[in-house]
Amino acid sequence: MFERFTTSAREVVRGAVRHAEDTGADTVGEAELLLALLDRTDGDRKGGSDTGGSRTEDPGGRKERGRTRGDRKGSPAAEVLAALGAPGRRASIERALAEVRRRGGITGADVEALAGLGIDVDEIVARVEEAHGVGALATAGSTPGAAPESTSESAPGSASARAPRRGRRPLRRPFSREAKSVLERSLRIALARGDKYIGDEHLLLALTARPGVAAHVLADHDVTYVQVERALTARATKG
């Protein structure tokens with residue numbers, strides 16, 4: 001599937017891995033994919049740029065030269081997110097993702113639903129953290145249902161797991177079940193749209209297509225699947 005990915009889409013995947021490494025997450029989840037997509041709006045501050053015929057390496061390690069078809073007009077996802085005002089709300093989006101992770105994968109929508117049943121999630125989290133420390137409920141990969149992979153050296157979330165010993169290469173982070181589903185969904189979306197490549201716009205559509213951490217957080221910041229589709233249509237019309 002990765003041979004279909006444009007340079008921008010591959011940068012998103014690599015960026016998501018970097019975010020997982022930076023936070024010490026054991027897996028790459030939806031949250032990391034979303035943050036990597038937001039990086040695209042920063043130009044080449046983190047995500048890199050797609051100008052020129054630069055040489056890149058795909059996730060399988062193969063070298064490629066130049067751009068694939070989908071990259072000829074830059075990063076569609078970055079333009080769409082910018083048009084929807086997401087970059088200006090990045091700090092709020094990051095806080096929301098951090099809160100989801102702190103609550104063990106429970107989104108804001110879940111908090112409201114449980115409140116209707118008389119369950120105060122924040123109070124429960126506070127009690128757990130009082131007994132076991134701040135971040136005790138944090139899930140690996142920031143995604144509900146993600147299964148962390150422990151090692152014989154250290155338990156997930158411990159200082160040694162989050163910060164590999166000096167001189168050692170950190171273990172490659174696997175993608176969570178939800179993140180893998182997003183990648184697979186991006187392929188289906190690309191095929192449904194008649195595209196022969198998978199661009200970062202397909203990854204953005206895949207993140208917002210079904211309920212999940214990224215979709216809920218983006219919806220709370222006025223970025224939905226319908227809005228992304230409309231913005232992509234408007235972009236294509238202008239182009």
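1. Contact range first: of the contacts in the chain between residues at least 6 apart in sequence, 68% link residues at least 24 apart. Contact here means heavy atoms within 4.5 Å. Keep in mind that this is a predicted model, with local features needing pLDDT of at least 70, side-chain atom pairs counting only at pLDDT 80 or more, and totals for chains, interfaces and linings using all residues. Residues are numbered from 1 along each chain as its sequence is written, and side-chain values use heavy atoms, with hydrogens and water left out.

2. On secondary structure, the chain has 11 helices and two strands, in the order α-α-β-β-α-α-α-α-α-α-α-α-α along the sequence. These are DSSP runs numbered from the N terminus: helices are H or I with at least four residues, strands are E with at least two.

3. As for burial, 43% of the 239 residues in the chain are buried. Buried means under 20% relative accessible area, using a 1.4 Å probe and protein chains only.

4. Now the core. The largest nonpolar core holds 44 residues, and Leu33, Leu34, Leu97, Phe175, Leu204 and Val228 have the most contacts inside it. Such a core is a set of buried Ala, Val, Leu, Ile, Met, Phe, Trp, Tyr and Cys residues joined through side-chain atoms within 4.5 Å. Helices supplying at least two residues each include α1 (7-23), α8 (177-192) and α11 (225-238), but the largest share, seven residues, is from α2. Leu33 touches Val12, Ala16, Phe175, Ala179, Val182 and Leu207, if you skip residues up to four places away in sequence.

5. Have a look at α4 (residues 90-102) against α10 (residues 213-220): their axes come within 10 Å and cross at roughly 140 degrees. Axes are lines fitted to C-alpha atoms, for helices over the stretch in contact, with angles from 0 to 180 degrees between N-to-C directions. The two helices are therefore oblique to each other, the class left after under 35 degrees (roughly parallel), over 145 (roughly antiparallel) and 65 to 115 (roughly perpendicular). Ile93, Ala96, Leu97 and Val100 in α4 meet Val213, Val217 and Leu218 in α10.

6. Last, Leu205, which sits in helix α9. Leu205 is buried, at a relative accessible area of 0%. Neighbours within four places in sequence aside, Leu205 contacts Ile189, Arg193, Tyr225, Val228, Glu229 and Leu232.

Methods
Buried < 20%, exposed > 50% of the residue type's maximum accessible area, 1.4 Å probe, protein only.
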